[in-house]
Amino acid sequence: NNRQTLLTAQLCDYCRSDALSEDALRDKINRLRVVDFDLPHDTTEEELLLHEVCDNQRVTEGIIRCILGKITTAAMATDDVGRLPLHYVLWNDNVTLKMVQLLIDAAPESVRSVGRDGRMPLHLYSQCSNKDETTA
């Protein structure tokens with residue numbers, strides 16, 4: 001319905017924003033009464049919220065937990081280029097091992113997922129030049 005589409009668009013915009021925080025995200029989800037998007041059909045916009053937060057430099061373990069707690073299928077949802085949230089978080093300069101572990105625990109098969117460009121999550125991680133021993 002139109003209301004759900006509008007609410008989802010607002011959440012997506014927030015997940016992309018520099019204002020992203022765990023408390024505010026949880027509050028927005030609760031205020032908008034977004035309770036359960038675990039629907040048995042093709043990838044939904046709601047499932048792609050996890051992609052958005054994993055691509056955001058402000059992502060935290062708590063933010064990932066918040067999305068996974070509300071949208072249980074999000075870790076295996078593919079976007080329009082066939083990538084999973086694990087692809088995006090491994091490209092993120094602020095990734096931690098715990099974030100990666102949360103996504104792998106939610107979708108163990110994601111480590112072998114190949115996007116339409118032929119890249120697995122580890123390929124993206126290895127191409128990101130800003131990683132050192134303090135990050136994943």
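This is a predicted model: local features need pLDDT of at least 70, side-chain atom pairs count only at pLDDT 80 or more; totals for chains, interfaces and linings use all residues.

Author: Residues are numbered from 1 along each chain as its sequence is written, and side-chain values use heavy atoms, with hydrogens and water left out.

Reader: What makes up the secondary structure of the chain?

Author: The chain has seven helices and zero strands, in the order α-α-α-α-α-α-α along the sequence. Helices are DSSP runs of H or I with at least four residues, strands are runs of E with at least two, and both are numbered from the N terminus.

Reader: Why is helix 1 called roughly antiparallel to helix 2?

Author: The axes of helix 1 (residues 2-16) and helix 2 (residues 22-31) come within 11 Å and cross at roughly 180 degrees. Axes are lines fitted to C-alpha atoms, for helices over the stretch in contact, and angles run from 0 to 180 degrees between N-to-C directions. Angles over 145 degrees count as roughly antiparallel (under 35 roughly parallel, 65 to 115 roughly perpendicular, the rest oblique); helix 1 is therefore roughly antiparallel to helix 2. Leu-11, Tyr-14 and Cys-15 in helix 1 meet Ala-24, Leu-25, Lys-28 and Ile-29 in helix 2, where contact means heavy atoms within 4.5 Å.

Reader: With which side chain does Glu-52 make a polar contact?

Author: Glu-52, in helix 3 (residues 49-55), makes a side-chain polar contact with the side chain of Arg-16 at 3.1 Å. The term requires a pair of N or O atoms within 3.5 Å; within protein, one must be able to donate a hydrogen and the other to accept it, and residues adjacent in sequence count only if both atoms are side-chain atoms. Apart from neighbours within four places in sequence, Glu-52 is in contact with Cys-12, Cys-15 and Arg-16.

Reader: Why does Ala-77 count as buried?

Author: Ala-77 has 3% relative accessibility and therefore counts as buried; buried means under 20% relative accessible area, exposed over 50%, and partly exposed in between (1.4 Å probe, protein chains only). Ala-77 sits in the loop between helix 4 (61-70) and helix 5 (85-91). Of the 136 residues of the chain, 45% count as buried.
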